[in-house]
Amino acid sequence: MIHAHNLVKEFGEPAQRIINDITIDIKEGEFVSIAGRSGSGKSTLLYIISTLDNPTHGVVEINNRVINNLSVEEVHEFRNKNIGFIFQFHYLLPELSALENVLLPPMNSGIQKQYKKRALELLERLNISHTLNKMPGQMSGGEQQRVAIARALIMNPKYIFADEPTGNLDSTNAQIVMDILKEVNKESGTTISLVTHDREFSKMADREIFLVDGKISDTYL
Ligand SMILES: Nc1ncnc2c1ncn2[C@@H]1O[C@H](COP(=O)(O)OP(=O)(O)OP(=O)(O)O)[C@@H](O)[C@H]1O
Ligand SMILES: [Mg+2]
């Protein structure tokens, strides 16, 4: 589970408080959405609970380990083994093909061979089989995003953190992505934290967390 308590994040000089004393627990196998207006702090919060950024104050525990205390190497290993990231900017490697990008996580552990079949299945499921050998520069934004989603899913991670994973997609492909997320949550027990503007998608989660000005709110404002 993820246990984050009394999180504060400040940026700039004078310090501006973007996350203002947030405590959340996300249970094993839970599918949680984080919704709120632009600028409310959703991405900032997701970065902190997903090990990619440190809070100014507060503690994040995942799997009963305090993430803030791990060394850089330990955090890298933890991420590669346990976490799939899907972000607004998808960070594909420009010199690798779609398939190679999807196989990057297992390649880091030298076990890409046994994942090739799954990679091809994911590409097919996401309607991007035709991009297999294309470089990111030769793909549309939505195709690149779906490659990044396949990459996040390839190792069947215990946790998935997704920031607007459907942002660049038409409604058909957005629905496919949401269906896949729901499926890995139900079938593999993957714990999913999803940031979305879309209330319809937000409602697909087990629980909705609303952010207003860096605080948790009872309702979507
Ligand atoms: N590195 C940074 N330095 C300074 N301010 C930042 C930084 N990152 C985020 N902010 C500010 O923090 C606030 C929250 O940003 P954040 O990206 O978390 O919002 P968001 O809810 O994800 O918005 P959106 O829906 O537009 O993606 C914004 O006002 C933003 O300008
Ligand atoms: Mg954001």
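1. A pocket, as the word is used here, is an open set of grid points, where a 1.4 Å probe fits, with protein on both sides within 12 Å along at least five of seven lines. The model under discussion is predicted, and its largest pocket has a volume of about 530 Å³.

2. The lining of this largest pocket comprises 22 residues, and those closest to the centre of the pocket are Asn80, Ile83, Phe85, Pro105 and Arg151. Two or more lining residues come from each of helix 2 (72–82), strand 6 (83–86), helix 4 (104–108) and helix 6 (141–153). The greatest contribution is that of strand 6, which supplies four residues.

3. In the largest pocket, 15 of the lining residues are nonpolar, five are polar and two are charged.

4. A separate matter is the surroundings of ligand 1. The residues around ligand 1 are Phe11, Ile18, Arg37, Ser38, Gly39, Ser40, Gly41, Lys42, Ser43, Thr44, Gln88 and His197. Helix 1 (residues 42–49) gives the most to this shell, namely three residues. By class, the shell around ligand 1 holds two nonpolar, eight polar and two charged residues.

5. Several side chains of the shell make polar contacts with ligand 1. In the side chain of Ser38, an N or O atom is 2.6 Å from an oxygen atom of the ligand. For Ser43, a polar side-chain atom is found 2.8 Å from an oxygen atom of ligand 1. The side chain of His197 has an N or O atom at 3.2 Å from an oxygen atom of ligand 1. On its own, ligand 1 has 630 Å² of accessible area, of which the protein covers 60%.

6. Thr131 is classed as buried because its relative accessible area is 0%, and the class requires a value under 20%. The side chain of Thr131 also reaches the backbone oxygen of Ile128, at a distance of 2.8 Å.

7. Is Gln114 buried or exposed? Its relative accessible area is 59%, and Gln114 is therefore exposed, since that class begins over 50%.

Methods
Residues numbered from 1 in each chain as written. Chains lettered and ligands numbered in written order. Predicted model: local features only at pLDDT ≥ 70, side-chain atom pairs only at ≥ 80, totals over all residues. Heavy atoms only, no water. 1 Å grid on protein atoms, 1.4 Å probe; cavity = no way out; pocket = protein on both sides within 12 Å on 5 of 7 lines; lining within 4 Å. Points joined across faces, edges and corners; volume = space filled by probe spheres on them. Nonpolar A, V, L, I, M, F, W, Y, C, P; charged D, E, K, R; others polar. Near = heavy atom within 4 Å. Polar contact = N/O pair within 3.5 Å; in protein donor to acceptor, adjacent residues only side chain to side chain. Areas by Shrake-Rupley, 256 points an atom, 1.4 Å probe, with all protein chains shown as cover. Buried < 20%, exposed > 50% of the residue type's maximum accessible area, 1.4 Å probe, protein only.
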